[in-house]
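Open the model in your viewer and keep the selection tool at hand.

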Protein chains: 2
Amino acid sequence: MSFPPRYRSRADVSGAESRAKAVQAAIELFAASGYKGTSIARVAERTGLSQSGLLHHFPSKAALLSAVLEARDAEDGEFLSAGGDAPMGWAAFDSLAALVARNSTRPQLVGLYVRVSAEAVEPGHPAHEWLRSHYANVEAWLTDAVRVGQEQGEIRSDAPVDALVRTTIAVLDGLQQQWLLNPGGVSMPKLFNAHVQGLRAQWSSAAEPPPR
Amino acid sequence: MSFPPRYRSRADVSGAESRAKAVQAAIELFAASGYKGTSIARVAERTGLSQSGLLHHFPSKAALLSAVLEARDAEDGEFLSAGGDAPMGWAAFDSLAALVARNSTRPQLVGLYVRVSAEAVEPGHPAHEWLRSHYANVEAWLTDAVRVGQEQGEIRSDAPVDALVRTTIAVLDGLQQQWLLNPGGVSMPKLFNAHVQGLRAQWSSAAEPPPR
């Protein structure tokens with residue numbers, strides 16, 4: 001045990017607070033100005049730290065971005081699986097609908113995601129690998145979810161798995177863009193539900209095949 | 001008539017060429033680095049002009065961006081209407097499918113659109129008004145297209161117009177993002193067609209109502 005413990009403890013609390021504040025400031029600034037358009041100096045200023053104080057917690061702007069994105073993915077992952085296993089079959093689409101409803105109360109996080117994921121398409125971007133693995137994870141989960149739904153007989157065996165997965169991810173992403181531009185005129189939850197109901201109408205095993 | 005006309009004419013040709021080269025260079029750089037991440041100096045360098053030479057043709061970076069985006073919209077608009085009136089009913093969705101097929105050969109223009117439209121969500125961005133009117137135009141056209149399809153009896157009268165319009169725009173936008181990240185693994189035309197076929201299966205007047 002090191003001495004004096006009381007001062008150490010206060011420093012730890014203060015460190016955790018500073019990290020949390022810096023992450024929140026970074027979310028706001030990256031959302032508004034993108035990663036490239038945001039300087040470490042501006043994050044430090046909004047956090048109430050000196051630049052070297054901020055760099056003590058996050059050694060680079062890229063490290064700060066990683067912390068922000070990983071925190072968001074971890075939180076969303078917990079929400080989607082509700083503390084248990086990842087949902088399968090149509091339940092996976094229902095859990096995404098719940099996430100969309102939750103996102104529609106969090107414009108800054110949505111703005112961050114839209115801005116950074118558009119920037120990070122570029123291979124040299126510090127979030128490029130994060131973005132690739134983010135999509136790979138969502139695609140792998142939804143692909144499994146559809147296949148399990150097919151095995152369990154709730155999704156038709158002739159459903160085009162790739163199209164169900166990728167159009168659903170596209171609707172998620174595209175509605176975020178429309179909502180950011182027009183928050184009062186675009187109901188993300190209602191529109192995402194319409195998409196999922198369309199998939200169910202066409203591909204639920206209980207449904208008749210659509211006319212050719 | 002001014003003197004000497006031959007020199008005037010050569011300058012005009014050279015001016016048009018320089019403008020076209022600058023627009024192409026701007027497309028490439030804005031697509032790779034975004035609007036904010038691209039300097040006029042870099043556009044000038046790639047165009048083969050001095051910075052003041054470039055500013056002679058485009059008085060600001062914002063003017064260059066406007067020229068790029070308006071050229072793209074004008075070209076897409078002509079393609080979609082094929083020189084005639086804007087298509088209505090399901091034909092509007094078919095013309096979008098043709099545009100998606102064409103876009104899948106133009107990664108730079110798609111990259112430009114994805115990057116700039118994510119940035120321009122921010123109200124202060126120089127392309128913000130362009131983006132708002134771009135979405136307003138697409139929404140107005142597709143809304144009319146669905147309503148005319150309903151009046152003419154090819155789209156069911158109980159089809160949710162707003163959801164058809166907005167999920168279709170979301171699929172267009174979202175697939176571009178996925179394709180830029182994974183050009184070999186994502187077939188935009190195939191996936192967009194799957195979305196449109198889903199809408200037709202559910203909402204064509206010829207189709208039976210889906211089971212409740």
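Two residues are in contact if their C-beta atoms, placed from the backbone, lie within 7 Å. Helices are DSSP runs (H or I, at least four residues), numbered from the N terminus. This is a predicted model in which local features need pLDDT of at least 70 and side-chain atom pairs count only at pLDDT 80 or more, while totals for chains, interfaces and linings use all residues. Residues are numbered from 1 along each chain as its sequence is written, and chains are lettered from A and ligands numbered from 1 in the order in which they are written.

Select α7(A), residues 128–151. Buried residues (20 or more other C-beta atoms within 10 Å of their own) of α7(A) include L131(A), Y135(A) and L142(A). The buried residues of α7(A) pack against α4, α5, α6 and α8 of chain A, and also against α8 of chain B. Just after α7(A), G153(A) has a positive phi of about 85°.

Next, select the side of chain A that touches chain B. Here 43 residues of chain A are in contact with 43 residues of chain B. α8(A) gives the most to this side, with 14 residues.

Finish at α9(A) and α9(B), residues 188–203 in each chain. Their axes (lines fitted to C-alpha atoms over the stretch in contact) come within 10 Å and cross at roughly 70°. That makes α9(A) roughly perpendicular to α9(B) (65 to 115 degrees). G198(A), L199(A), A201(A) and Q202(A) meet G198(B), L199(B), A201(B) and Q202(B) there.

How values were computed: Axes are lines fitted to C-alpha atoms, for helices over the stretch in contact, and angles run from 0 to 180 degrees between N-to-C directions. Helices (H or I, at least four residues) and strands (E, at least two) are DSSP runs, numbered from the N terminus. Angles under 35 degrees count as roughly parallel, over 145 as roughly antiparallel, 65 to 115 as roughly perpendicular and the rest as oblique. The expected span of a helix is 1.5 Å times one less than its number of residues. A residue is buried if 20 or more other C-beta atoms lie within 10 Å of its own, exposed if 12 or fewer, and partly exposed in between; C-beta atoms are placed from the backbone.
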